[in-house]
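Please look over the chain below with its strands, its core and its aromatic rings in mind. A short briefing follows.

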Amino acid sequence: MNARLDHRNPLVFDTHELGRRPGALQRLTRTVDTPGDFGIQGVIGVPEGAPMELELRLESVMEGVLVTGTARASAEGECVRCLEPLGLELEADFQEMFSYPDADDRGRAITEPGDDAEDDEDRLFLEDGLFDLEPLLRDAVVLALPMQPVCQEDCPGLCSECGARLADDPDHHHDAVDIRWAALQGLADSLEPGDKDEKSGAEAGVDEKQEK
């Protein structure tokens, strides 16, 4: 059973107008402030307090109220390749059955606890004709978000050597250095110009003696 619901909460909806007549239908639209934690932490999500548009269809059935809807909002995050900020327009669809607390799956009144108490733990129930959309809405939004958001499909990412953003400089590259010559190159760079001349002269004298 749900905790006590507050009808003043914008994500709590009242089904009393439907009654318990199977086939009764109600359509609702509502714009709400997005609660916290609507997204994938550290990756992408709908900012807390951002407007979220809801379109709902409430249908009375034998065992409860079937809720079908769509949520639309703007999500913000960063590209997983180049780490640049990004935004996307989110649309999340959802559907859930909110059961009457005094009826089983066939709409029959329940007078005594049954053997399917464990199944009831996974069901959502109406409380005094009210239901809370927030848990269902949060799950739908998270599932609709990309796990690996990118600023563009062909984003080249960052340079693995210096971290430069490759999209800003398509010709960006680093000259490859043969590691076998890296030590000799470092030794040559460490010599002063005079040392290089003396070393070259000494090597030339040795070559002349070998020729004689």
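Two strands count as paired if DSSP finds at least two bridges between them. By that rule, E4 and E6 are an antiparallel pair with two bridges, and isoleucine 44 has glycine 77 in E6 as its bridge partner. The model is predicted.

**Overall make-up**

- The chain contains four helices and nine strands, in the sequence order β-β-β-β-β-β-β-α-β-β-α-α-α.
- Of the 212 residues in the chain, 29% are buried.
- Among contacts between residues at least 6 apart in sequence, 64% join residues at least 24 apart.

**Strand pairing around E6**

- E5 and E6 pair in the antiparallel sense through eight bridges, and leucine 54 stands opposite alanine 71 in E6.
- Three residues lie between E5 and E6 in the hairpin that these strands form.
- E6 also pairs with E7, again in the antiparallel sense, over 15 bridges; here glycine 64 stands opposite serine 99 in E7.
- The hairpin of E6 and E7 has six residues between the strands, and leucine 83 in this hairpin takes a positive phi near 65 degrees.

**Nonpolar core**

- The largest nonpolar core has 36 residues, of which Val46, Met52, Leu54, Leu133 and Leu137 touch the most other members.
- Two or more residues of this core come from each of strands E3 (38-40), E4 (44-46), E5 (51-60), E6 (64-78) and E7 (85-99) and from helix H2 (134-144).
- Beyond its neighbours within four places in sequence, valine 46 is in contact with Thr34, Phe38, Met52, Ala73, Ser74, Ala75, Leu90 and Val141.

**Aromatic rings**

- The whole structure holds two aromatic pairs.
- In one of them, phenylalanine 13 and phenylalanine 131 have ring centres 5.5 Å apart and planes at 15 degrees, so the pair is stacked.
- Phenylalanine 13 belongs to strand E1 (residues 12-14) and phenylalanine 131 to strand E9 (residues 130-132), so the pair ties together parts that are 118 residues apart in sequence.
- Both phenylalanine 13 and phenylalanine 131 are buried.
- Ring pairs join Phe13, Phe98 and Phe131 in a cluster.
- Elsewhere, the charged end of arginine 20 sits over the ring of tyrosine 100, at 3.7 Å from the ring centre.

Methods: Residues are numbered from 1 along each chain as its sequence is written. This is a predicted model: local features need pLDDT of at least 70, side-chain atom pairs count only at pLDDT 80 or more; totals for chains, interfaces and linings use all residues. Side-chain values use heavy atoms; hydrogens and water are left out. A nonpolar core is a set of buried Ala, Val, Leu, Ile, Met, Phe, Trp, Tyr and Cys residues joined through side-chain atoms within 4.5 Å. Buried means under 20% relative accessible area, exposed over 50%, partly exposed in between (1.4 Å probe, protein chains only). Contact means heavy atoms within 4.5 Å. Rings of Phe, Tyr and Trp (its six-membered ring) pair if their centres lie within 6.5 Å; planes under 30 degrees apart count as stacked, over 60 as edge-to-face and the rest as tilted. A charge sits over a ring if NZ of Lys or CZ of Arg is within 6 Å of the ring centre and within 35 degrees of the ring normal.
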